[in-house]
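Hi,

Here is the structure I said I would pass on. Have a look at it first, and then read my notes below.

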Amino acid sequence: MFASGAVTVSGSMTVKLACRGLSAYFGQLRALHDINLDIATNSVTAVIGPSGCGKSTLVRCFNRMHEVVGGARVEGQVLLDGEDVYGPGVDAPAVRRRIGMVFQRPTPFPTMTIEENVVAGLSLDGNRLSRTAKERVVERGLRQAALWDEVKDQLGKPGTSLSGGQQQRLCIARALAVEPEVLLLDEPCSQLDPISTARIEELLSELAADYTIVLVTHNMQQAARASNFTAFLLGGKLVEFGETNQIFTNPACRETEDYVTGRFG
Amino acid sequence: MSGAVVHRARSAALWRLRSAAAPWLCACCAAGVAGALLLILGYVVREGLGAFSLSFLTELPHPVGVAGGGVGNGIVGSLIIVGLAALMAFPVGTLAGIFLASSGWETLVDLVRYLCDVLASIPSIAIGLFAYSLLVEPFGHFSGFSASFAFAVLMLPLIIRTSEAAMRGVSHEIREAAIALGAREHVATLRFVLPAAWPGVVTGLLLAVARVTGETAPLLFTAFGSQFWELNPANPMAELSLQIFTYAISPYRSWHAQAWAGALLLILSVFALSVLARLFLRRSARS
């Protein structure tokens, strides 16, 4: 019954993350209605839709961040490599280490240096990293986030001393340092200038070689530029899902066409 | 019709007059407040400076009729009593503040917050009586520790509310970012939110210390006072504001002068504490 409505990715791509009959609630309010979606390994999947359509809620269900808010709950399944992250005995923090997340506003930890920010996720269970291991992780993370060249001489400075775009890349480095398999980005560029935005979009296509990326955006051009697949949400329902090219040039649904051509939203 | 126009013109004039007068009224009130403070400060300085000297800070009180003498034992007593009180109230208060800021248990949070407000409004003399019945009467003698306990109870609501506010002041996003990295919720609170809130928490402690430093009422039947260098909080201890009280109600002119000097010292130390608190707060506002 769940599978009947599922939109599957075509061809030989393997599915990294999938949701089946996923509904999300805030108290009595139902924010997501029965979402079925497959996200392909090593691709960038964009989630688009007007404000309040449930884009953020959807990705927050993927790494169990939805339930952090009081009164919020989830029904249905989110399958990571075929295993339900909401299954019995599954530890939410462990899920979040496999599915990293970057938020709308850059959130470097204010009391930490650039270096400490990058490794913040690694010492959570109390074990200490050796000096050399730490240096390796910091350099790798910052290089992956295309920030290394800009900050390599000021690793001891506060993370908050960087510019907005740099802070956001620092947050990406911090998320990557934990070595997740999936990276969720919730409107990562909405507070950034066009040049910083371009850098991050460029970065996403590089990162897709190693990670599965889900990008929430209210910027349709960004979705068109930076993603392989696009999911269009409206009113908490998945209206259409397919290859980005097809969604933007030849959408199957009337609502999708209206949205991507700028007639509303 | 012309009546309406005249009326409008008159109300416009009235409005202009009012908006011209309002800033002046506010300025007068502000000047009144500042003036009262300056008057008190000036008077205390004038009366207190005469007896203020190095020996006043370092010596024991002298008997009536013997010139000189100081409140050295009172200063030491104050430091010990307030220090012990801070040691007791700070961990309990901060943890309670963290609980109020981060627990999802709404009913209990509301109840604790309400009780905290009630505690804050209990007169300090009643808290002194409470300490007396709990720690003085059963032991049969006054003690510095019982005063510390009373002070700790007085400090608690202030520390709880300021640390709660400091924790809430830290952006919710910091907590979410830590949880999204895989931190458990208590780890996110203690290792990521608390450090960011730390300057505000310390500010709350300093303000609470400043608040009890000027308290006298609970000391009357807890610390009781002492003429000696008493360093053991199990015994009755001297305390600065208590000494001021004793000197002030005495009939001797030389003791009155010492009371004024003590008041000056007290005001200066509370002032220093609040400047320190402001510096901390400014640091937190920057980060």
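**What I found**

In chain B, 40% of the 287 residues are buried, where buried means under 20% relative accessible area with a 1.4 Å probe and protein chains only as cover. Before you go further: this is a predicted model, where local features need pLDDT of at least 70 and side-chain atom pairs count only at pLDDT 80 or more, while totals for chains, interfaces and linings use all residues. Residues are numbered from 1 along each chain as its sequence is written, chains are lettered from A and ligands numbered from 1 in the order in which they are written, and side-chain values use heavy atoms, leaving out hydrogens and water.

Chain B first. You will find ten helices and zero strands there (helices are DSSP runs of H or I with at least four residues, strands are E runs of at least two, both numbered from the N terminus). Its radius of gyration is 25 Å, well over the 19 Å from the globule rule for 287 residues, so chain B is more spread out than a compact globule. That radius is taken over C-alpha atoms, and the rule is 2.2 Å times the number of residues to the power 0.38. The C-alpha atoms of chain B fill a box of roughly 85 × 65 × 35 Å along the principal axes.

Now chain A, which has ten helices and ten strands. What is its radius of gyration? It is 18 Å, which agrees with the value near 18 Å for a compact globule of 265 residues. The C-alpha trace of chain A spans about 55 × 45 × 40 Å along its principal axes, and 56% of its 265 residues count as buried.

Is S9(A) mostly covered or mostly open? Mostly covered, with five of its six residues buried. S9(A) has these neighbours (two strands pair if DSSP finds at least two bridges between them):

- Strand S3 of chain A (residues 44–48) runs parallel to S9(A), joined by four bridges. Ala46(A) has Thr230(A) as its bridge partner in S9(A).
- Strand S10 of chain A (residues 237–243) pairs with S9(A) in the antiparallel sense over six bridges. Here Leu233(A) has Leu238(A) as its bridge partner in S10(A).

S9(A) and S10(A) form a hairpin with two residues between the strands, and Gly235(A) takes a positive phi near 55 degrees there.

Cheers

Notes
Buried means under 20% relative accessible area, exposed over 50%, partly exposed in between (1.4 Å probe, protein chains only).
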